[in-house]
Each structure stands twice: as C-alpha cells, then as structure tokens.
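Dear colleague,

Please find the structure below, followed by an account of what was found in it.

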Amino acid sequence: MVTCCAIGPALDAGSVFAGDMMPWVTQRPDGSFELEMMIPGMTSPQTISTVEEALEGLPGVQFARVNFTGKRLVAGWQDAAFNPNIIAEKLNELGFISRPFDPRDSGLKADDEQSRTLLRAVAVSGFAAANIMLLSVSVWSGAEGSTRDLFHWISAGIALPTIAYAGRPFFRSAVRALSSGQFNMDVPISLAVCLAALMSLYETFNHGEVAYFDASVTLLFFLLTGRYLDHLMRARARSAVSQLLSLSASSAMVVDDGGSTRIIAATALKPEMKMLVAAGERFAADGIVLSGMSEVDRSLISGESNPEPARVGTAVHAGMVNLTGPLTVRLTAAGQDTFLAEVIRLMVSAEQSQSRFVRIADRLARVYSPAVHILAGTTLAGWLLWTGGNWHVSLMTAIAVLIITCPCALGLAVPAVQTVASGLLFRKGVMIKDGAVFEKLSGVDTVVFDKTGTLTKGSLQLANLPGLSLRDLALAAGLAATSRHPLSRAICEAAKSLGVRPVTIDNVEELPGRGLRGMLGRKTVKLGSRLWCEVPESTDRGLPEFILIRGQAKPVFFTFEDELRDDAAAVIATLKAQGLKVEILSGDRDVAVRRTALRLGIEHWQAGVTPQQKLAYIQSLRDAGRKVLVVGDGLNDAPALAAGFTSMAPSSASDIGRTVADTIFMGESLEPVLVARDVARVTQRISIENFVLAVGYNALAVPLAMMGFVTPLIAAIAMSTSSIIVIANSLRLTISIPRHKLTAHMASEKSLPAIPHFVRRAA
Amino acid sequence: MTILLILIPAALVLGALGLAAFMWSLRNGQFDDLDGAANRILVDEDRPKIVKPRE
C-alpha cells in the first residue's frame with residue numbers, strides 16, 4: 001500500500017539540484033580542479049567527518065574539506081575527466097541538499113576578504129599598542145634624557161607605520177563625510193590620531209618630555225575592534241541569507257525543438273524556451289501554459305491560499321507551484337510587463353522614498369564631533385591668551401583634549417552590544433541583517449502582518465474533521481495517497497494523524513483540475529471538485545473543498561483551511577498587550593482574511609489588496625508618523641517590506657521577500673517576531689547605557705584636559721577603562737537573557753503566552 | 001643602560017614574531033572555520049591526510 005508520508009512536500013523549495021556542476025568548477029593554477037558547494041543542512045558536528053570521509057572515498061576526489069561555520073564544502077581533484085556531478089549525487093545519497101556555489105558572485109568572498117583586512121589591522125594595531133605601551137610605561141616611570149628620546153624614537157618608529165596602515169578605514173570614512181559636507185565620528189578620530197602623532201613626532205625631534213604615540217595607537221586598536229565586531233555581525237547574517245537563497249536557486253527542464261529534454265540552471269533560461277514543469281515543481285520563470293491541465297498554488301505571489309486552475313493560455317509566474325498535472329510552458333520575456341518586474345519597480349520606488357534612517361551613533365556624532373572641535377579650539381585659544389602666545393603648551397593641551405574626548409568607548413558602545421545580541425538571536429534562528437535593525441525594531445509602534453504563509457503555515461489542513469466518519473476519511477485517503485495536490489495531502493495527513501489506514505483503491509487516476517477517480521470493488525469512487533462531482537453549487541463558504549462520491553451514496557464534503565501558526569494567537573495577544581497596533585494586509589479573499597482576523601482578535605484588516613495598495617497603505621501609515629514593522633513572505637509583500645520602517649520575513653518567503661526584509665526568522669513559530677523585538681529593546685537600552693557611560697567618562701575627563709592636567713598616562717588609563725566598562729556592560733546582555741531560558745522558551749511553543757518573562761527579568 | 005640594547009630588540013622581535021604567527025595563521029585559513037575547528041577535535045579516529053598520488 002502506498003503511504004501518504006512517502007509523498008514529497010510539494011511546497012519544499014529545496015529539491016535536488018539537477019543541473020550540471022561543470023560551470024561552477026574552477027581550475028587552480030597547478031592544474032587541479034575545485035568545486036565549492038553549499039550544504040545548509042550540515043547542522044550537527046558529526047556531519048563534518050561523515051561528509052569528508054564519504055567524498056574522499058570517491059574515486060578521483062583528492063580532498064574534501066568542510067567549512068562548518070559557513071556550511072560550505074570544497075572538494076578538489078586532479079583528473080580533468082572527473083565528473084563533478086558525482087559529488088552532488090553522493091551528498092544527496094547522504095541526505096544533504098547541496099548547491100554549487102560561486103564565491104566570486106555571491107559577495108561572500110568580498111565579506112571574507114574585508115573581515116580579514118580588518119582583523120589584520122586589529123592585529124597590527126594591537127601589536128603596536130602593546131609595544132609602545134611597554135616603552136611609554138618606562139617613560140612614565142622616570143626615564144630621562146637620551147633614554148627617553150630613544151624610547152620616543154622607537155615608539156615613533158612603530159606608531160607611524162601602524163597609523164598609516166591601520167588608520168585607513170577611519171581616514172577614508174572621514175574624508176568621505178567631509179567631502180559631502182557632513183561630520184561623522186571618524187572626523188574627530190582621524191584628527192585626534194593624526195594630530196597626536198604629528199605633535200609627538202615634533203616633540204621627539206625636540207627632545208620633549210611628552211609624547212602621545214601610545215594614545216593614538218591604542219585608540220585605533222579599540223576602534224578597530226568595534227568596527228570588526230560590527231562587520232562580523234553583518235557578514236554572518238549575509239552568509240546565512242545567501243545560504244537560504246542558494247536553496248531556492250532552481251533548475252528547469254527544457255524541451256528542445258527536436259522534442260528531447262535537458263535540465264539547465266534557472267539562470268540559463270531564455271524567453272521562448274519551452275519548459276516542462278512536473279506536478280509538485282515550482283515554476284522557475286514566467287510563462288504561458290502551452291499544453292496540459294493542472295492547478296497552481298500562487299500563495300507566494302498573491303497571498304491567495306486556494307489553488308487555482310491552470311489550462312492552456314494561463315499565465316504563470318516564477319515562484320508558483322504546479323500542483324496536479326504536468327504543464328508545458330512557453331517562457332515569456334522578463335520585460336517590463338511581467339509581474340516580477342512590476343514588483344521590483346514598486347520596491348525600488350519604495351526604497352528610494354524611504355527617508356534614510358540615521359543610526360543613534362550617527363545622530364550622536366552630529367552633536368558630538370562639532371562639540372569636540374569647539375572644545376579643542378576653545379582650549380587652544382584660552383591657553384594662548386593665558387600663556388601670552390605660547391603655541392607649544394597651548395597646542396599640547398588642545399591635543400590632550402582631542403585625545404581624551406576621542407569617542408573610543410563610543411565606537412565600541414553600539415557594535416559590542418549589537419554583536420552579542422545578534423549572536424544570541426542567530427542561535428535562535430533569527431537573522432538580523434544590520435545593526436540598525438535593533439534600533440528600528442525597538443521603536444516600532446505598529447505591526448502589519450501578511451496572512452498567507454506569515455500568520456498561517458501556508459499549507460492547507462482539513463478543517464471539518466469532527467464532522468467526518470473515519471470510513472469516509474479512510475476512503476478519501478486511499479484515493480488521495482498518490483496525489484500531490486495540497487488538498488489530497490491534507491486528507492492523507494489528517495488520516496495519518498488519526499491512525500486511519502487508507503483503504504486500498506484500484507486504478508486510481510488523477511484528472512488535473514478535476515480530481516481523483518478509482519475503483520473500490522465494482523463501485524467507482526471520486527474525490528474532487530464540486531463541478532466534476534456534479535454537486536449543485538450552494539452558498540460559497542469561501543473555503544476550498546473536495547467532495548467524495550461513493551456510488552450512489554450521499555456526497556461527503558471535505559473542507560480545508562490554511563491553518564494558523566500554532567502560536568499566532570498568543571503572539572498577537574502579547575504584541576497588543578505591549579501596546580502595539582496590529583493589522584492584517586492580505587491579498588487573499590475577504591472571507592478567508594475575515595476569519596483569520598476574527599480568530600486572532602485583530603480589528604484592522606484588509607483583504608484582496610494588490611502589491612500597489614499594500615505599498616500605498618504602508619506609506620500612508622508612515623506619513624501619519626507611525627513606525628511600522630511589516631511581516632510578510634510573498635512576492636506581493638516585497639514592496640511593503642521595503643517601505644516599512646523595518647521588516648521581517650519567514651525563511652519560507654519568496655527570494656525577493658527574503659532579500660528585502662531586514663530580519664529573517666526560521667521555523668514554524670511566529671514567536672521570533674516577539675523575541676526579536678524584546679531583544680532589540682534590551683539591546684537598545686544597553687546601547688544607550690553604554691553611551692551614557694562613555695560620554696559621562698569624557699565629561700569628567702574633559703575639564704581636567706582643558707586645564708592641562710592630562711598627561712599621556714592619565715589619557716591611557718581613561719581610555720582603556722572606559723572601553724573596558726563599555727564592553728563589560730555589553731556582555732551583561734547574555735547574563736540578562738540566560739541562554740538556557742531562551743532555548744527552553746523557544747523550543748516549547750505551547751508554553752505561550754508567557755513570552756516576555758526573560759526580558760522582564762532583564763529589565 | 002647598555003642592557004636596553006639587548007632587551008628592547010628582544011621585546012620587539014618577540015612581539016613581531018607573535019604578530020607574524022597570527023598573520024600566518026590568518027592567511028593559512030585557520031580563522032575561516034572557527035565552529036568547525038572547535039568540533040573537529042572531537043572527531044575520534046585519526047584520518048591520514050589523503051594525498052593521492054598523481055596519475
């Protein structure tokens with residue numbers, strides 16, 4: 001007997017990559033070949049040796065090396081005749097979905113390269129800081145005369161190349177800001193570092209007592225650390241997102257003029273090609289049905305949860321799923337008139353109209369950096385007056401002010417805490433693409449949800465189970481066993497969950513767009529649409545349905561519904577309890593949306609909304625001064641996602657949705673929306689604490705500096721302590737949100753609505 | 001104070017050695033897969049690094 005569970009999930013994007021690996025193979029200078037693959041399913045550490053051993057056991061493969069952090073694999077071989085497709089087949093055999101991966105286009109290599117550059121700069125400045133500090137301590141301990149000069153010269157010898165090498169990121173950014181007429185934090189940083197180094201060099205020439213080489217290099221070291229953390233966070237999220245995208249990079253079967261078929265990568269598809277799409281497959285490109293009859297699931301495109309019929313002449317779009325019968329599709333040009341082109345056009349305009357979000361650090365910098373320059377300038381002028389024109393003393397004091405006010409702790413204040421927070425969320429399957437998202441999420445006052453695939457699971461479930469007899473269910477399940485239609489699968493799942501054994505039915509045939517037919521003994525049984533089963537139309541309840549006809553017996557109705565995510569109600573209730581306005585904006589029909597809204601207790605909802613209307617609505621909310629979090633998954637949500645103050649998408653979202661959303665969450669639960677917001681609020685609070693600590697520290701030290709009491713020793717102590725305090729305060733986040741608690745909390749979806757207790761504890 | 005002539009170069013050279021070692025390990029890819037490295041020490045059997053002879 002055919003069991004239902006053997007049917008592959010039709011909606012699963014991650015089918016086996018069937019294309020040829022050859023285009024992704026790179027030849028190394030020594031003549032050997034390499035192939036890089038992404039294996040997102042490699043989550044358990046044991047898989048490292050499983051994969052490596054299996055691949056190295058293949059004849060011809062010279063080495064296979066797994067990168068567990070990046071979930072990537074590099075395999076190499078010598079022989080040009082080796083067929084790289086064997087590698088993918090072997091991985092498939094082991095149960096891993098793999099994709100070839102070209103590091104040159106994905107931007108990941110660029111990220112890796114940048115992170116290495118930053119790390120190198122951190123290492124160089126760290127080395128320099130340690131050595132100069134060693135010499136400076138000797139000077140402060142009382143080295144005099146030629147010994148002191150020697151130490152200063154050596155310090156200069158280390159510091160100047162270091163500043164030239166490790167200071168470049170700051171100098172570049174400062175020049176960019178100044179040339180566009182703006183101030184950022186990097187302007188006072190660059191100024192302080194350069195002036196301090198030049199002044200110290202002048203002092204060294206003239207056998208002076210005081211040099212600030214240690215201060216300028218230590219400053220660079222701390223700031224680079226902050227910058228590296230920031231980069232690390234973004235690179236990690238980007239790499240995870242590209243993993244997700246790679247999963248849906250699909251292949252397609254095309255029919256040549258001669259009638260032969262071949263499989264090519266979706267990117268190689270061209271207009272006018274004929275594409276063959278089997279039942280259960282996703283369309284890889286837009287087109288028009290040439291032959292065949294089927295039903296298509298367009299939930300990712302329009303939010304419509306019911307399957308729609310597709311026959312000759314129906315337009316289909318990339319992202320839809322073909323459900324029941326094979327279709328031959330003539331591909332249309334990806335011109336201006338396609339649905340995708342329209343969505344992209346809207347998205348671009350939404351992004352352009354989005355006022356640029358100014359991060360808290362930049363807002364502070366706008367006030368802080370002019371203030372620093374004014375303070376230093378005033379100090380210089382004041383001392384010139386006081387000493388009657390002694391440039392030397394006045395300049396030294398002004399530089400001391402610049403060094404003391406240098407936002408070293410400020411540079412760490414935000415990246416440190418955001419790195420900790422994003423690491424925490426990352427382990428929970430929430431990927432934050434940029435640190436600014438924390439700041440945006442914590443300020444949100446309205447949440448707009450899409451329905452299909454966001455509030456709901458995006459798959460249909462049998463809704464009228466209590467009204468059905470088990471005998472009918474067993475019969476229907478027997479008919480539906482081999483079908484990939486979502487309604488058939490829902491029946492099978494319901495039967496399986498009740499432990500009902502499907503009845504064996506002979507000669508089952510599936511008629512695309514109509515239903516299933518088979519023989520039970522000598523009687524014909526049918527399961528399918530109302531029209532086909534010749535049941536008169538009644539009042540439309542708006543739910544998809546199947547009708548079971550057994551001989552002359554009374555027809556049995558099976559109705560289906562797109563089930564809500566298990567914790568949707570609890571999450572919505574908690575969001576409302578937190579004082580947020582919650583709304584639904586869906587492309588699905590009125591009836592379906594109303595039912596969802598009622599069940600979740602959401603008063604504001606709109607149904608049948610086009611992407612344009614979604615975008616316009618979000619923009620109207622924004623113009624009314626609301627800060628909207630848009631949560632959606634479909635292609636039709638993409639413009640709204642781009643227009644929202646910030647946005648989230650489930651990992652099951654359309655490619656474009658995942659690309660445009662600020663945050664992506666994994667799994668069946670909707671709770672990540674809450675968790676992300678709660679963590680963002682704690683993060684934001686700790687960031688502000690950090691700012692207060694850092695600025696407060698400066699406020700204490702500045703008067704001393706202006707009075708000329710700050711020696712290099714005091715500068716060094718002040719700088720290091722404030723940085724350490726800020727980092728220690730950031731690490732408090734992990735203590736505030738205990739890891740085991742978060743895990744237990746996320747794992748048990750049923751334990752809702754006790755959601756924000758860990759945050760309350762933290763507060 | 002002539003001892004300084006030995007001590008300072010010694011300190012600098014040792015520091016530079018550390019820096020060079022770090023740079024080398026960075027270039028050598030030892031920081032590319034931190035999670036993997038942490039897990040690999042738990043892999044039981046020693047697998048000889050397979051370098052198949054050129055054919």
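Chain B has 2 helices and 0 strands (helices being DSSP runs of H or I with at least four residues, strands runs of E with at least two, numbered from the N terminus). Of its 55 residues, 0% count as buried, a label that requires 20 or more other C-beta atoms within 10 Å of a residue's own, with C-beta atoms placed from the backbone.

This is a predicted model, in which local features need pLDDT of at least 70 and side-chain atom pairs count only at pLDDT 80 or more, while totals for chains, interfaces and linings use all residues. Residues are numbered from 1 along each chain as its sequence is written, and chains are lettered from A and ligands numbered from 1 in the order in which they are written.

The contact between the chains takes 25 residues from chain A and 23 residues from chain B; residues are in contact if their C-beta atoms, placed from the backbone, lie within 7 Å. On the side of chain A that touches chain B, at least two residues each come from helix H1 (46-56), strand E3 (61-67), helix H3 (108-140) and helix H4 (145-166) of chain A. H3(A) gives the most, with 9 residues.

Within chain A, the axes of helix H5 (residues 168-179) and helix H6 (residues 186-205) come within 8 Å and cross at roughly 125 degrees (axes are lines fitted to C-alpha atoms over the stretch in contact, and angles run from 0 to 180 degrees between N-to-C directions). Among the residues making this contact are Phe170(A) and Leu178(A) of H5(A) and Val187(A) and Ile189(A) of H6(A).

Yours sincerely

Note on methods
Two residues are in contact if their C-beta atoms, placed from the backbone, lie within 7 Å. A residue is buried if 20 or more other C-beta atoms lie within 10 Å of its own, exposed if 12 or fewer, and partly exposed in between; C-beta atoms are placed from the backbone.
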